[in-house]
Amino acid sequence: MSKTLFDKVWDSHVVRKIENGPDVFFIDRHFIHEVTSPVAFLGLKSRGNTVLYPERTFATADHNTPTINQHLPVEDPLSANQLKALEENAAEWGISHWGLGHKKNGIVHVVGPENGITLPGATIVCGDSHTSTHGAFGAIAFGIGTSEVEMVLSTQCIMQPKPKKMRININGDLGFGVTPKDVALYIISQLTTSGATGYFVEYAGDVFRNMTMEGRMTVCNLSIEMGARGGMVAPDDKTFDYIKEKPLTPKGEAWDTAMEYWKTLYTDEDAVFDKELTFNGADIEPMITYGTNPGMGIGITNHIPDASTVEGGVATYKKSLGYMDFNEGDAMIGKPVDYVFLGSCTNGRIEDFRAFASIVKGKKKAENITAWLVPGSHEVEDLIKEEGLLDIIKEAGFTLREPGCSACLAMNADKIPAGKLAVSTSNRNFEGRQGPGSRTLLASPLVAAATAVTGVVTDPRTLLKEQTLA
Amino acid sequence: MAYDKFNILTSTAVPLPIENVDTDQIIPARFLKATERKGFGDNLFRDWRYHNDDTPKEDFVLNNPTYSGKILVGGKNFGSGSSREHAAWAVYDYGFRCVVSSFFADIFRGNCLNIGVLPVQVSPEFLEQIFSAIEADPKTEIEVSLPEQTITIKATGASESFEINSYKKENMLNGYDDIDYLTKMKSEIQEFAAARPF
């Protein structure tokens, strides 16, 4: 029978099917971090269970780590306590731990792929909804709750009903200045934040084939923002080139065996999806959000829609614009901005820093802008230095911070102050997400860079010459 | 930890007729720093419930003594965003045992089921009926019957059925959880794991 990519990977991980219930689903790789794991370890202990396969779980500290002076003790006692709990739990159960100061430390969804933990055809979970990122490699990857973290620790399985299948095709070429982030924000603006709830998405078509692995990670990362449990892209030569020789990928004969399997990971020609959507790459502009969920996005040259033209409740829409202090009909371009955040598991990879540097090169940071540039990992940080990008951004008046989730969810000290407006390359513009009372505009690294040098929301295409965006 | 059994719940309800209530609103990230599962109810809807100086916002429903109960009724797409189970813990710890909406985000729904909070999905029309009934009389009672899989507005008798798979239904009726099930099949899992290529 014809199968989709998702079917092939899902079905090969079902340990037991329960009639009119969930599947018992085997997990190959499990990431844990300091925020959603401590209670799972407590639960494990209180039941007298043990960690079944410690070698299948990987711990990294990221959510509430500081992004300056990481060599000093963590000031916030609550954060320090969580980091300590992670370290102690990892040590107690023999789980690898890349804590603060470790050279492999970074955001879980950045360091996993960097180190070859993320593999095609694998099942990957983490107590973090942006685990969907790893789907870029043809893995089934999604976020879980803490009860499920405990399940994976003690049994390497969770219990999940199989989601429905959706394919999103985007063909044609992307326009000048349009990035993977814009593609994702465009899809979410079309589907809304609940449009893919209950589905697992496969991204197909020229646009995703032509995308780099970093770009695919950005798109898959944002799958959860349209409600999907996860998203995936069939692995191809780009995928194999990316993972080959990574520290933890299979080597030698094991690699050859794995490759044989990985080459079968595609959707059969006549396989059927529960829902299929098709968009045209040429229709996508650089995007920006204007409201308090990621579905409230528009092309950057557009104006904020009237309540009468949007789907859903008018009261909710008006509440959202009220929070943002915006009005229907407002232009986005030219809005004065206070903060720019480059980073997160969405856009904290080397390609994102290259894009940012391509715009700020030879320009100066606008005086009204406070900019936080936070690499996704030490490996990204090292590449920024090696490639000379650090010199470019320093010359333009920016500084580079140390890796972590940072202002994406503002659990550490990197909080956007109440009322301030931020252009952010992260993934959520919910009320207060980046600090109590903060206001967030989600956009690509190019839009963030253009805004950082002008001080107002700026279309990056106006600052770039076509040839500079090779 | 296994949880409370759920059978028939009859209670007044707290209305929150807002769509796309995300888990950052249910419990903001800065309150996720505990290493134990306690006290999350204090910070349920923290930034909608309190001003920056920690004084209550009088117009928020949880600060309005007119409304109380063990059932929270929310707008469409309730619980979207982050996978933090802390959101479900906060709902539970505050005293809710059931959340009603016309649409739930996947992970939040699963998290609720895993800790013994029953997510009840109703039609948009029935959701409106519930909001209207509470508006007309804040003391109106809602009955949620898990064995019958029905939700009823007591005053009007209006009723609708809801879905839950039979495995989860059994779990909730008996207070079992998934870990109880999984630990009983460990040898089957180990056999499966031994055959995995990576």
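The side chains of A:Glu431 and A:Lys319 meet in a salt bridge, with N to O at 2.9 Å; the term denotes a side-chain nitrogen of Lys or Arg within 4 Å of a carboxyl oxygen of Asp or Glu. A:Glu431 lies in the loop between S17 and S18 of chain A and A:Lys319 in helix H11 (residues 314-324), so the pair ties together parts that are 112 residues apart in sequence. Helices (H or I, at least four residues) and strands (E, at least two) are DSSP runs, numbered from the N terminus.

This is a predicted model, in which local features need pLDDT of at least 70 and side-chain atom pairs pLDDT 80 or more, while totals for chains, interfaces and linings use all residues. Residues are numbered from 1 along each chain as its sequence is written, chains are lettered from A and ligands numbered from 1 in the order in which they are written, and side-chain values use heavy atoms, leaving out hydrogens and water.

A:Glu431 is buried at 12% relative accessibility, whereas A:Lys319 is partly exposed at 31%. Buried means under 20% relative accessible area, exposed over 50%, and partly exposed in between (1.4 Å probe, protein chains only).

Over all chains, the structure holds 35 salt bridges. One of them joins A:Arg47 to B:Asp177, with the closest N and O atoms 2.5 Å apart. A:Arg47 lies in the loop between helix H2 (38-46) and strand S4 (57-60) of chain A, and B:Asp177 in the loop between helix H6 (166-174) and helix H7 (178-183) of chain B, so this pair joins two chains. B:Asp177 is buried, at 7%.
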